[in-house]
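These are my notebook entries on a structure that I had not examined before. I set down what I looked up, one topic at a time.

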Amino acid sequence: MSDPYGTGDQGHRAFWADAVADEIEARDPEEPIVIKGGVSPSGVPHLGHFNEIMRGYFVAEALRDRGHEVRQVFTTDDKDRLRKLPRKLADLEWNVVGLGEVDAGALGRNLGKPYTDIPDPFGCCDSYGAHFTELLRRSAAAVGVPIEIVSNTKLYESGRFDDAVRHVLEHRETAQHVLAEFQDKVDEAYVPFFAQCHECGNLTETIPAIDLDAGTVDYVCEDVEAGDDVIEGCGHEGTATFREGKLPWRFEWPAQWLTLGVDFEPFGKDHAEGSWPSGEAIAREVFGFEPPVPMTYEWFTLNGDALSSSAGNLITVEEVLELLEVEVLRYFFTKNPKKQRDFDIRRLDRLVDEFDRFERIYFGEEDAEEREAELAERAYPMVVDDSETRPIRIPYTFAAVLGMTDDRELRVQMAQRSGHLPEGAADAEIDAALDRIENARTWAVRTDNEFNYRLAEALPEVEFDDATATALDELAEAIESDAPDEDALQEEIYETARRNDVPVGEFFGAGYRLFLDEDEGPRLGPFLAAMDDAFVVRRLRREG
């Protein structure tokens with residue numbers, strides 16, 4: 001038995017994808033090398049589903065770097081039955097809605113049927129399965145990963161699974177024996193095939209007879225357990241072809257490997273502790289071939305809780321890309337897949353700061369340990385579209401500050417004043433750098449954090465006592481004469497308040513009312529230091 005947790009252990013490799021590529025190459029596979037992932041389109045695709053896509057992408061890129069031809073295939077297990085109703089759904093524009101906002105009764109009447117036989121609840125695609133597969137395809141395209149999506153339903157309908165189904169049913173005694181090592185309730189009556197009832201459309205597990213020559217099975221549509229629930233059968237008795245049903249998952253997965261010629265597949269730890277051991281044994285002992293190189297990845301959590309489409313705790317790739325640039329999201333997946341990570345939306349600034357450092361290391365602008373430098377050298381070209389040109393990056397939290405105004409000229413002035421936009425930068429470079437502001441602004445609003453304010457672009461109606469007014473004038477004079485940096489300005493605000501016997505909290509409040517028309521805000525020194533000095537001086541003097 002191979003250890004899926006061991007694959008990708010980096011050893012002498014700085015990048016885990018290179019370690020995986022080594023193991024694949026060691027098997028001397030035929031080309032094209034096939035890398036696969038897969039998901040059941042049971043609901044809204046979320047960030048966790050991208051583990052298999054992005055882990056596969058980096059391994060594919062590592063192999064392509066070595067001159068190999070690679071196919072990255074992603075199976076949509078759309079022949080699976082709908083077992084329960086999801087709490088949330090999404091239309092093709094990624095508007096996430098609750099179950100009550102669609103015809104939940106229609107979905108409930110289709111429990112037990114394959115996803116591709118259930119009407120699309122939004123009426124835009126051929127089926128429920130096609131709808132959520134399309135969302136997955138759009139997500140991959142948005143991140144720039146070229147996956148080849150393969151429908152399980154079409155594999156059955158086209159006959160590509162015929163040989164695998166026939167082989168399993170012909171050797172069902174061996175199949176029963178192997179599966180019994182991993183699953184209870186497997187006896188001599190067990191038949192590893194689900195037939196689709198011609199009357200109600202449900203997938204039934206009761207198969208009293210098999211005709212290998214005709215390529216058919218007899219079935220009885222009986223009740224099926226689905227977790228804690230029972231999906232009722234209609235009682236119909238009939239005959240179905242091998243193309244009018246499906247293999248159980250533990251046999252279907254190895255059948256995919258065999259039919260598609262899969263060389264590598266990453267998967268979550270639920271499979272590592274469940275269907276991978278049985279799949280590996282079925283591949284060898286039932287089908288008679290060597291299973292692909294496996295790799296287990298740890299799951300993500302979202303703000304500390306498990307990602308789940310069915311439970312409704314999810315974040316889509318579309319939502320993430322409203323908060324982060326594509327390259328930052330790609331970078332997130334370069335991290336060691338064996339370590340569980342929390343996608344904490346409140347702390348996305350840390351992730352962006354990590355990416356910016358990663359980029360500086362690649363371009364030789366920041367010192368790093370040898371291992372860290374090697375990782376950047378290998379992974380950075382797979383993360384960005386252009387690894388030759390060093391882009392201008394505005395720090396994420398400062399971009400959130402710039403997002404307090406919609407005035408492009410003021411944004412540019414503030415970024416130049418802070419040193420984050422070099423003088424003489426081309427317009428295209430400036431525009432690309434300013435793009436991050438919209439991400440950071442969305443982040444500030446979504447998390448309602450310390451940057452969720454708007455600059456008062458016109459002078460608010462304010463009145464101050466004489467001591468406060470004098471202190472504001474003194475602060476304006478200090479900025480006009482000394483142009484202090486953010487730390488010096490923060491200290492000057494404290495000192496000016498103390499010299500004029502103005503309570504520090506009240507003086508900060510006066511600044512917030514002048515610049516934000518609010519009673520509170522971000523650290524005032526860094527905020528004012530970033531802006532154009534002339535604008536700050538005018539505002540402190542209540543002149544505009």
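**Entry 1: Ala 428**

I looked up Ala 428 and found a relative accessibility of 61%, so this residue counts as exposed, the cut-off for exposed being over 50%. I placed Ala 428 in helix α17. I then took the separation between the C-alpha atoms of Ala 428 and Val 165, which is 57 Å. Along the chain these two residues are 263 residues apart. I note here that the model is a predicted one.

**Entry 2: The chain as a whole**

I turned next to the overall dimensions. Taken along the principal axes, the box filled by the C-alpha atoms of the protein chain is roughly 100 × 55 × 35 Å. I recorded 22 helices and 18 strands in the protein chain. The chain has 544 residues, and 54% of them count as buried. For contacts with a separation of 6 or more, I noted that 71% are made by residues 24 or more positions apart.

**Entry 3: Helix α16**

I went through helix α16, which covers residues 408-417. Its buried residues include Leu 410, Arg 411, Val 412, Met 414 and Ala 415. I asked which helices the buried residues of α16 pack against. They pack against α15 (396-402), α17 (427-447) and α21 (524-530). Helix α17 is also the helix in which I had placed Ala 428.

I examined both ends of α16 as well. At its start, Asp 407 has a side-chain oxygen that reaches to within 3.0 Å of the backbone nitrogen of Glu 409. Just after the helix, I found Gly 419 with a positive phi of about 90°.

**Entry 4: Helices α2 and α4**

I compared the axes of α2 (residues 50-65) and α4 (residues 128-143), which come within 11 Å and cross at roughly 40°. The two helices are therefore oblique to each other. I recorded the crossing of α2 past α4 as right-handed. On the α2 side, the contact is made by Phe 50, Ile 53 and Met 54. On the α4 side, Leu 136, Ser 139, Ala 140 and Val 143 take part.

Residues three or four places apart in an α-helix point the same way, because the helix has 3.6 residues a turn.

**Entry 5: Arg 330**

I located Arg 330 in helix α12, residues 326-332. Is Arg 330 buried or exposed? I found a relative accessibility of 5%, so Arg 330 counts as buried, the limit being under 20%.

I listed the residues that Arg 330 touches, leaving out those up to four places away in sequence. Among them are Met 54 and Val 143, two residues I had already met in the contact of α2 with α4. Tyr 57, Phe 58 and Gly 144 are touched as well. Arg 330 also touches Met 382, Val 383, Val 384 and Asp 385.

**Entry 6: Ser 278**

What does the side chain of Ser 278 make a polar contact with? I found the side chain of Arg 250 at 2.9 Å. I also noted that the side chain of Ser 278 reaches the backbone oxygen of Ser 275 at 3.1 Å. With neighbours within four places in sequence left aside, Ser 278 is in contact with Phe 182 and Arg 250.

Technical notes: Residues are numbered from 1 along each chain as its sequence is written. This is a predicted model: local features need pLDDT of at least 70, side-chain atom pairs count only at pLDDT 80 or more; totals for chains, interfaces and linings use all residues. Side-chain values use heavy atoms; hydrogens and water are left out. Buried means under 20% relative accessible area, exposed over 50%, partly exposed in between (1.4 Å probe, protein chains only). Helices (H or I, at least four residues) and strands (E, at least two) are DSSP runs, numbered from the N terminus. Contact means heavy atoms within 4.5 Å. A polar contact is a pair of N or O atoms within 3.5 Å; within protein, one must be able to donate a hydrogen and the other to accept it, and residues adjacent in sequence count only if both atoms are side-chain atoms. Axes are lines fitted to C-alpha atoms, for helices over the stretch in contact, and angles run from 0 to 180 degrees between N-to-C directions. Angles under 35 degrees count as roughly parallel, over 145 as roughly antiparallel, 65 to 115 as roughly perpendicular and the rest as oblique. A crossing is left-handed if the near helix is turned anticlockwise from the far one by less than a right angle, and right-handed if clockwise.
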